[in-house]
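The sequence and structure come first.

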Amino acid sequence: MILPTKHIEAGRSIIGVGAALLSHLDHPWTITALWEKVRPLPQIGTFERFTLAIDFLYIIDALEFNNGLLQRRVK
């Protein structure tokens, strides 16, 4: 589910969902506001997939969470 396979297309894998989320993080967002923004995207699908992608991005240090806001980590 993290990586694409022959049964999971790239856009619906956690890496693909994470890429979609990163493309929408143009400025800091609350979790709720980001969910409302990306909810209609077909690759996001469910809130579970959304939270798994957020967790994955945080674990790989692509996101930071400060004062209740998510933002892309700039290195």
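Helix α1, residues 14-24, is largely enclosed by the rest of the structure, because eight of its eleven residues are buried. The model is a predicted one. Buried here means a relative accessible area under 20%.

Burial and packing of α1

- The buried residues of α1 are Ile14, Gly16, Val17, Gly18, Ala20, Leu21, Leu22 and His24.
- These buried residues of α1 pack against the helices α2 (31-38) and α3 and against the strands β1 and β2.

Ile15 in α1

- Ile15 belongs to helix α1.
- Between Ile15 and Leu57 the C-alpha to C-alpha distance is 8.6 Å, although the two are 42 residues apart in sequence.

Positive phi at Asp61

- Asp61 is not a glycine, yet it has a positive phi of about 70°.
- The loop that holds Asp61 runs between α3 (47-59) and β1 (63-66).
- With 31% relative accessibility, Asp61 counts as partly exposed.

Positive phi at Asn67

- Asn67 is not a glycine either, and its phi is positive at about 50°.
- Asn67 sits in the loop between β1 and β2 (69-72).
- Asn67 is exposed because its relative accessible area is 80%, where exposed means over 50%.

Conventions: Residues numbered from 1 in each chain as written. Predicted model: local features only at pLDDT ≥ 70, side-chain atom pairs only at ≥ 80, totals over all residues. Heavy atoms only, no water. Helix = DSSP H or I, 4+ residues; strand = E, 2+ residues; numbered from the N terminus. Buried < 20%, exposed > 50% of the residue type's maximum accessible area, 1.4 Å probe, protein only. Contact = heavy atoms within 4.5 Å.
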